[in-house]
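Hi everyone, thanks for coming. Let me put today's protein on the screen, and then we'll walk through it together.

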Amino acid sequence: MLRKAQSALEYLFILAAVLILVMVTIRVIFSSVRAINSSVTEYVDTIKDKILETL
């Protein structure tokens, strides 16, 4: 009985660790997407301004 309880507890700790890793990964991905979006927006604005200058 004690071994089953220990196994269940170990399983819960592993599950918690996996969920924490998934959460950190998703957060990094979202911050990267936000940064890329900002960079692309700035680039598009710069290109648009340069095109309008040449017209």
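Predicted model: local features only at pLDDT ≥ 70, side-chain atom pairs only at ≥ 80, totals over all residues.

Residues are numbered from 1 along each chain as its sequence is written, and side-chain values use heavy atoms, with hydrogens and water left out.

Isoleucine 36 sits in helix H1. How many helices and strands are there in the protein? There are 1 helix and 0 strands; these are DSSP runs numbered from the N terminus, with helices (H or I) needing at least four residues and strands (E) at least two.

Now the overall shape. The C-alpha atoms fill a box of roughly 80 × 10 × 5 Å along the principal axes. The radius of gyration is 24 Å, whereas a compact globule of 55 residues would have one near 10 Å. That radius is taken over C-alpha atoms, and the globule rule is 2.2 Å times the number of residues to the power 0.38. And what share of the 55 residues counts as buried? The share is 0%.

Together with Val40, Tyr43, Val44, Ile47, Ile51, Leu52 and Leu55, Ile36 makes a nonpolar surface patch of about 840 Å². Patch residues have over 30% relative accessible area and no salt bridge; nonpolar side chains are joined within 5 Å, and like charges within 9 Å. Areas come from the Shrake-Rupley method with a 1.4 Å probe.

Next, glutamate 42, also placed in helix H1, residues 2-54. Glutamate 42 counts as exposed because its relative accessibility is 53%. Its C-alpha atom is 47 Å from that of tyrosine 11, 31 residues apart along the chain.

Finally, the structure holds 1 salt bridge, meaning a side-chain nitrogen of Lys or Arg within 4 Å of a carboxyl oxygen of Asp or Glu. Aspartate 45 pairs with lysine 48, their closest N and O atoms being 3.8 Å apart. They are 3 residues apart in helix H1, so about one helical turn separates them.

Conventions
Buried < 20%, exposed > 50% of the residue type's maximum accessible area, 1.4 Å probe, protein only.
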